[in-house]
Amino acid sequence: MAENIVTIFQWLIFLGVAFGSIVASLLVITRKNPIHSALFLVLTFLCVSVLYLLLYQQFMFIIQIFVYAGAIVMLIVFVLMLLDLEEELRSGLKLYYSKVIGSMLAVLFLFGIIFSVVAKSPTGKVGSYTPDKVSGNVKAVGEMLFTQYLFPFEIVSVLLVAAIVGAVILSKKRT
Amino acid sequence: MTIPSVPPECYLVLSGILFTIGVIGALTRRNAIVVFMCIEMMLNAVNISFITLSRFLQSLDGVLFAFFVIAVAAAEAAVGLAIFVMIYRSRETINVDEINLLKW
């Protein structure tokens, strides 16, 4: 009985968060003011981070909120405030044939995804990291990151340094 | 009677829907920063499917892949927004239809 209650809550949270993220992402692409889009983007990211909690990944939950909802959207809003973006507000959304056809192709692609997901449940080699083992601590993630994935980790650190230097050089005034 | 827990298919379909919304936004919006936000949304949708599969296959590779995707997205945000600021400084617009200097 207690199991059932937990599962019902999981379903309720999943449905609510899924609905919330879909509505928020639709609002992101339909609002004309880019600042509103950015704020709904934060809502989308928060909904997705709750999904990570449902999947027993607290580490990704924290990283998602820190990096996406905190850093990246803050940067986007900051740049939006720096630029004077009144043009799209005035001109409004124009629909061309190419956009409509592209969107239709994207929806077709979605049907392809749904068919491939429903037709066959995911199979593969099942590992040893059960939810009990990974939930509540980041030890397993850290161990794997610093042993098996050490080289990609170093490459990512070099990439971040290169991105910082590139951003500074790009935004510097030409002398 | 026990209620089945949320199957992986639901998460994967949600990830596909979010990805498609991101694609439609990136195709239809003309503001470069909104296009950039849609790309971030698509990266996020891919992260959902990585983490879902790593949860249901009980492995951590998907989680670490999502971690690297987030790191690359952060680097992309820094460089991309610097490029937008630079384009705005020289062209006074970031409408993607008017930035066609590299068009062949």
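## The contact between the chains

Two residues are said to be in contact if their C-beta atoms, placed from the backbone, lie within 7 Å. By this rule, 76 residues of chain A are in contact with 65 residues of chain B. On the side of chain A that touches chain B, the elements that give two or more residues are α1 (2-30), α2 (34-54), α3 (58-82), α4 (87-91), α5 (97-119), α7 (139-147) and α8 (150-171) of chain A, and the largest share, 14 residues, comes from α1(A). Helices here are DSSP runs (H or I, at least four residues), numbered from the N terminus.

Sorted by class, this side of chain A has 55 nonpolar, 17 polar and 4 charged residues. Ala, Val, Leu, Ile, Met, Phe, Trp, Tyr, Cys and Pro count as nonpolar, Asp, Glu, Lys and Arg as charged, and the others, Gly among them, as polar.

## The model and its numbering

This is a predicted model, in which local features need pLDDT of at least 70 and side-chain atom pairs count only at pLDDT 80 or more, while totals for chains, interfaces and linings use all residues. Residues are numbered from 1 along each chain as its sequence is written, and chains are lettered from A and ligands numbered from 1 in the order in which they are written.

## Two residues with positive phi

Most residues other than glycine have a negative phi. Tyr56(A), in the loop between α2 and α3 of chain A, has a positive phi near 60°, and Gln58(B), in the loop between α2 (32-56) and α3 (61-91) of chain B, has a positive phi of about 55°.
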